[in-house]
Amino acid sequence: MSQTKPYRVSHLDALEAESIFVMREVMAEFERPVLLFSGGKDSIVMLRLAEKAFAPARVPFPVMHVDTGHNFPEVLEYRDSRVAELGLNLVIASVQEAIDSGTVRELPDGTRNRIQTPVLLAAVEKYRFDALFGGARRDEEKARAKERMFSFRDEFGQWDPKNQRPELWSLYNGRHHPGESIRVFPLSNWTELDVWHYIAKEQIPLPSIYYAHEREVVERAGMFYAVNEFIVPKAGETVETRMVRYRTVGDASQTAAVLSEADTVDKVIDEVAATRITERGATRGDDKVSEAAMEDRKREGYF
């Protein structure tokens with residue numbers, strides 16, 4: 001008798017199936033979900049998963065960008081083109097508008113990462129979103145690793161790491177009262193390398209800054225920041241033209257590039273496979289404020 005070959009699912013297919021299951025579960029449990037979409041690689045992958053989860057129908061929820069006004073132009077251009085291509089409803093929560101109206105006050109150092117949180121929470125209240133898809137992964141940062149797939153937030157948008165709900169057998173508890181919400185992280189079990197393998201497999205286009213290119217930079221605390229309207233060289237700093245790429249995309253005032261020759265997705269995969277430091281640790285100045293910088297922001301209502 002001929003034996004049938006055992007059915008095997010690849011690691012990437014298993015991750016995709018889990019993420020799609022989570023997205024469909026949210027649609028079944030919640031009234032007003034939204035996907036946080038910045039034009040960064042993780043939110044781009046999340047949007048592709050949403051496409052596949054609900055095909056052939058359109059993505060059944062809006063996407064929201066908390067716009068600090070300190071964006072890389074390549075990322076904004078990608079965001080707008082992708083939204084137009086898929087016919088999505090884009091909600092923009094503008095930090096600049098909040099500053100202009102006096103809702104929030106800009107920090108003395110000019111950075112806006114910290115003041116994203118009240119702008120996000122105001123948008124959640126205004127549009128009554130009860131589930132927010134975020135692209136966080138557990139390998140990014142220690143505080144990220146403390147959260148479950150469904151992360152409960154109270155009526156003030158705050159997260160209590162000691163108040164985690166169990167998720168045994170992939171059972172997700174979305175119970176919440178009016179005013180409360182759930183942050184949902186379909187990429188929780190993915191790594192940076194998984195994300196890049198998926199980008200290669202799905203042939204997903206990305207903003208050009210994710211690949212090696214020449215850019216004028218200044219070196220600060222061992223990190224290379226692009227010279228732009230938000231990063232002005234200080235006395236004694238030397239502006240250099242270097243071949244760099246971005247591993248993660250945040251504010252242009254806070255996100256550094258890495259020296260790289262990886263100008264294709266395959267070269268990026270090889271580079272990421274060899275690195276031993278997370279992308280946030282290597283490139284995000286806002287995470288170097290303290291050991292608990294990310295956790296402090298998440299307790300306040302951050303992504």
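Let's start at serine 181, which has its place in strand 6. Strands here are DSSP runs of E with at least two residues, helices are runs of H or I with at least four, and both are numbered from the N terminus. What you're looking at is a predicted model, where local features need pLDDT of at least 70, side-chain atom pairs count only at pLDDT 80 or more, and totals for chains, interfaces and linings use all residues. Residues are numbered from 1 along each chain as its sequence is written, and side-chain values use heavy atoms, with hydrogens and water left out.

Is serine 181 buried or exposed? It counts as buried, because its relative accessibility is 4%. The cut-offs are under 20% relative accessible area for buried, over 50% for exposed, and partly exposed in between, using a 1.4 Å probe and protein chains only. Skip its neighbours within four places in sequence, and serine 181 is in contact (heavy atoms within 4.5 Å) with Phe129, Asp130, Leu132, Ser151, Phe152 and Arg153.

Now for the helices. Helix 2 (41-54) is mostly covered, with 12 of its 14 residues buried. Among them are Ile44, Val45, Met46, Leu47 and Phe54. The expected span is 1.5 Å times one less than the number of residues.

In the loop between helix 2 and strand 2 you'll come to proline 56. A cis peptide bond joins alanine 55 to proline 56, with omega at about 5°.

Move on to helix 3, residues 73-86, where 14 residues should again span 20 Å and the end C-alpha atoms are 20 Å apart, which agrees. Which residues of helix 3 are buried? They are Val75, Tyr78, Arg79, Arg82, Val83 and Leu86. Looking down the axis of helix 3, you'd see these buried residues fall within an arc of 125°, so they line one face of the helix. That arc is the one made by the directions from the helix axis to the C-beta atoms. Here's the general idea behind it: an α-helix has 3.6 residues a turn, so residues three or four places apart point the same way. What covers the buried residues of helix 3 includes helix 2, strand 2 (63-67) and strand 3 (90-94). On the other side of helix 3, Pro73, Glu77, Ala84 and Glu85 are exposed. Just after helix 3, glycine 87 takes a positive phi of about 65°.

Positive phi turns up elsewhere as well. Most residues other than glycine have a negative phi, and most peptide bonds are trans. Tryptophan 169 isn't a glycine, yet its phi is near 55°. You'll find tryptophan 169 in the loop between strand 5 (150-153) and strand 6, and it counts as exposed because its relative accessibility is 75%. Serine 170 lies in the loop between strand 5 and strand 6 too, and has a positive phi of about 60°. At 38% relative accessibility, serine 170 counts as partly exposed.

On a 1 Å grid over the protein atoms alone, a cavity is a set of points where a 1.4 Å probe fits but cannot get out, while a pocket is an open set with protein on both sides within 12 Å along at least five of seven lines; lining residues have an atom within 4 Å of a point. Grid points are joined across faces, edges and corners, and a volume is the space filled by probe spheres set on the points.

The largest pocket has a volume of about 350 Å³. It is lined by 21 residues, and Arg128, Phe129, Pro178, Gly179 and Glu180 lie nearest its centre. Helix 5 gives the most to this lining, with three residues. The second largest pocket, at about 260 Å³, has 15 lining residues, with Ala93, Ser94, Glu97, Val119 and Ala122 nearest its centre. Helix 5 supplies the largest share here too, six residues.

Finally, the structure holds two cavities of 30 Å³ or more. The second largest cavity has about 40 Å³ of space, and its lining includes Ala136, Arg137, Glu147 and Phe185.
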